[in-house]
Amino acid sequence: MDQSMFLNVVRRYLWLFVAATVVASLTTLFLLNGQPRVYEAKTRLLVGPTVDNPSPDLNALRIGSQLMQTYADLVTTRPFLEAINNKLEQKVNLEALGAMIETKQNADTRILTIIIRNRDPKEAVVIANAAAQSLVEMSPSKDNTTELLRTQMRDQSHQLEQIITNAETSIQDLEAKLVTLGDAPQQSTEGAPSTLDQQTLIIKQLTDERGRLSDALRTLATIYQVLLDTNTNQLQIIEPAGAVFPVNQNLSLRVTAAALAALLLVMSIVFAYEYFDDTIRVPGDFTRAVRVPLLSTIGKHDRLDSSGRGRVVTSAQPTSQAANSYRTVAAKLLFSIGKSMPYTYLLSSVGSQSEDDTAMATANLGVAFAQAGNRVVLVDAQFHNPVLTKLFEANGKAGLSDLLENKSSQLKLMPVKDMSNVQLLPAGMAPEKWPGAMLNSANVARLVEELQQVADIVLVAGPPISGFAESLALASHVNGVILTARYGETHSKMINDVVESLSGLNVQLAGVIFEQNPSPSPKSKAPKASGPIEKSNIPEQISK
């Protein structure tokens, strides 16, 4: 779809695009404002090593980040929801409870946030805290045996620290005594230990104390290492739920999103319809889809009288744009004819358009030719609905059918009142034969020759070309065919099928006249064709 087609579609359906956008916006706004207020409560937990560890292990931190996803998935399980429900005084349906819960993860900080949304702010806080407590209880953080053992080890470390302190003090005292004995003179008293014996005893005591100190230090180091080892798989509530906040509905954003979604949906439907629909609505559609020239588009004009000359715009409103369009068509055709006059054209509508359109185009084009100084004969071959005959009040008079069925041998043309140089051959009495067979007879060729002897231009108004085979029969006896159609009611496939049919008969197609005015009288619809014109539907005499 090129740019011009795109803009044309937008112009034609702009009202629909605006309406869809407005309706979607107002509907969304109404529905959101009608919803009850929802409140949000949050509780935050730390996954992995606690922050009071002086030497955090990087591998433990990494494992804690991975465990956070596991705990986030655990929140959605039925056992977890049942654990929360067991802590609530007022039980909640598990499906409704699961719909309230949402988790957010921060892998960088290892903080897992549990969010509860509820219409009751107090209930939201209670459920959030119950969820955090249930999650902690499902983790190894609440292993009582492990916690008791670590407490006992802390007490033992305090005892060892006291033993080490006492041992260090004792060693210092013993070393001081040893130094004092070394400086004292060697003397021996009867019955008392000698200085050497005293030094030996102190050295032995000093050795024992140092051994005791070494054992204590070694044991304390082991305990410290155990206490410093990180428990990776643990949970800690760092911020219980307290304050609640109303959930931001993002009203403007959601209304805008609804409007855009409706606009895109309607545009998708419209452009898909336009892509697959081959209805010709504007001149640009015709030039892109049809392989025949567009003679003119008859623009809208003022309302015409209901009968006679007043229904012919070229006579009733000669200065109108529509009248000028018909004169333009006549000028184009005269230029293409050149010195080939006299010339006969068959005018026929495409598809199921009204025969009234063809008759009015025939009358207006006849006046335009006459105004250019040509002698014109209008022939009404619409036996099913003789619009031209009715228009110029020639009902009941002998005409085309009488000549073709040999009921009359003399060509009698009726001058059209107030239209100089224009004569009419009425449809005549209702034919007894099938019109297709009658129009395929040798009498048609002879009649066309007679008409061309008294006229420069012969215009034959025929029935819809894709609805009646007699139009194809007539087409084989004229110099050219002019198609009439209406914008919005004609499909490009219709015209292309007609073009193929006429091309198979070696009939020259002069072009198409498009009508934009409403029919001045109730439409007399021709029967719809059952499908594209096939050669099997064309009389054998024509197809040859």
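Visitor: Does Leu213 count as buried or exposed, and at what relative accessibility?
Guide: This is a predicted model, in which Leu213 lies in helix H8, residues 195-228. A residue is classed as buried under 20% relative accessible area. Leu213 therefore falls in that class, and the answer is buried, at 14% relative accessibility.

Visitor: Which residues is Leu213 in contact with, leaving aside its neighbours within four places in sequence?
Guide: One spatial relation of Leu213 is with Thr165, 48 residues apart in sequence and 8.6 Å apart in space, C-alpha to C-alpha. With the neighbours within four places in sequence left aside, the contacts of Leu213 are Ile164, Ala167, Glu168 and Ile171.

Visitor: Where is Thr113 placed, and which residues is Thr113 in contact with beyond four places in sequence?
Guide: Thr113 belongs to strand E3, residues 111-118. Its relative accessibility is 13%, so Thr113 counts as buried. Apart from neighbours within four places in sequence, Thr113 is in contact with Lys42, Thr43, Arg44, Glu102, Thr103 and Lys104.

Visitor: How are helix H4 and helix H6 oriented to each other?
Guide: Two packed helices are described by the angle between their axes and the distance between the axes. For H4 (residues 78-87) and H6 (residues 121-137), the axes come within 9 Å and cross at roughly 125°. Angles of 65 to 115 degrees count as roughly perpendicular and those over 145 as roughly antiparallel. H4 and H6 are therefore oblique to each other.

Visitor: What is the make-up, by class, of the contact of H4 with H6?
Guide: The crossing of these two helices, H4 and H6, is right-handed. On the H4 side the contact is made by Phe80, Ala83, Ile84 and Lys87, and on the H6 side by Ile127, Ala130, Ala131, Gln133, Ser134, Leu135 and Glu137. By class, the contact of H4 with H6 comprises seven nonpolar, two polar and two charged residues.

Visitor: How are helix H12 and helix H13 oriented to each other?
Guide: The axes of H12 (residues 321-337) and H13 (residues 355-371) come within 8 Å and cross at roughly 65°. The crossing of H12 and H13 is right-handed. By angle, H12 and H13 are therefore roughly perpendicular to each other.

Visitor: Which residues make the contact of H12 with H13, and how many of them are nonpolar?
Guide: H12 contributes Tyr326, Arg327, Val329, Ala330, Leu333 and Leu334, while H13 contributes Met360, Ala361, Asn364, Leu365, Ala368, Phe369 and Gln371. Sorted by class, the contact of H12 with H13 has two polar and one charged residues, and the number of nonpolar residues is 10.

Visitor: Which residues have the most contacts inside the largest nonpolar core?
Guide: The largest nonpolar core has 42 residues. Elements that each supply at least two residues of this core include helix H17 (442-454), strand E13 (480-486) and helix H19 (492-504). Leu502 touches Ile465, Leu472, Ala475, Val481, Val507 and Leu509, not counting residues up to four places away in sequence. The residues with the most contacts inside the core are Leu400, Val481, Leu483, Ile495 and Leu502.

Visitor: What percentage of the residues of the protein count as buried?
Guide: The secondary structure comes to 20 helices and 15 strands. Among contacts between residues at least 6 apart in sequence, 80% join residues at least 24 apart. Of the 544 residues of the protein, the share that counts as buried is 44%.

Definitions and conventions:
Residues are numbered from 1 along each chain as its sequence is written. This is a predicted model: local features need pLDDT of at least 70, side-chain atom pairs count only at pLDDT 80 or more; totals for chains, interfaces and linings use all residues. Side-chain values use heavy atoms; hydrogens and water are left out. Axes are lines fitted to C-alpha atoms, for helices over the stretch in contact, and angles run from 0 to 180 degrees between N-to-C directions. Angles under 35 degrees count as roughly parallel, over 145 as roughly antiparallel, 65 to 115 as roughly perpendicular and the rest as oblique. A crossing is left-handed if the near helix is turned anticlockwise from the far one by less than a right angle, and right-handed if clockwise. Contact means heavy atoms within 4.5 Å. Ala, Val, Leu, Ile, Met, Phe, Trp, Tyr, Cys and Pro count as nonpolar, Asp, Glu, Lys and Arg as charged, and the others, Gly among them, as polar. A nonpolar core is a set of buried Ala, Val, Leu, Ile, Met, Phe, Trp, Tyr and Cys residues joined through side-chain atoms within 4.5 Å. Buried means under 20% relative accessible area, exposed over 50%, partly exposed in between (1.4 Å probe, protein chains only).
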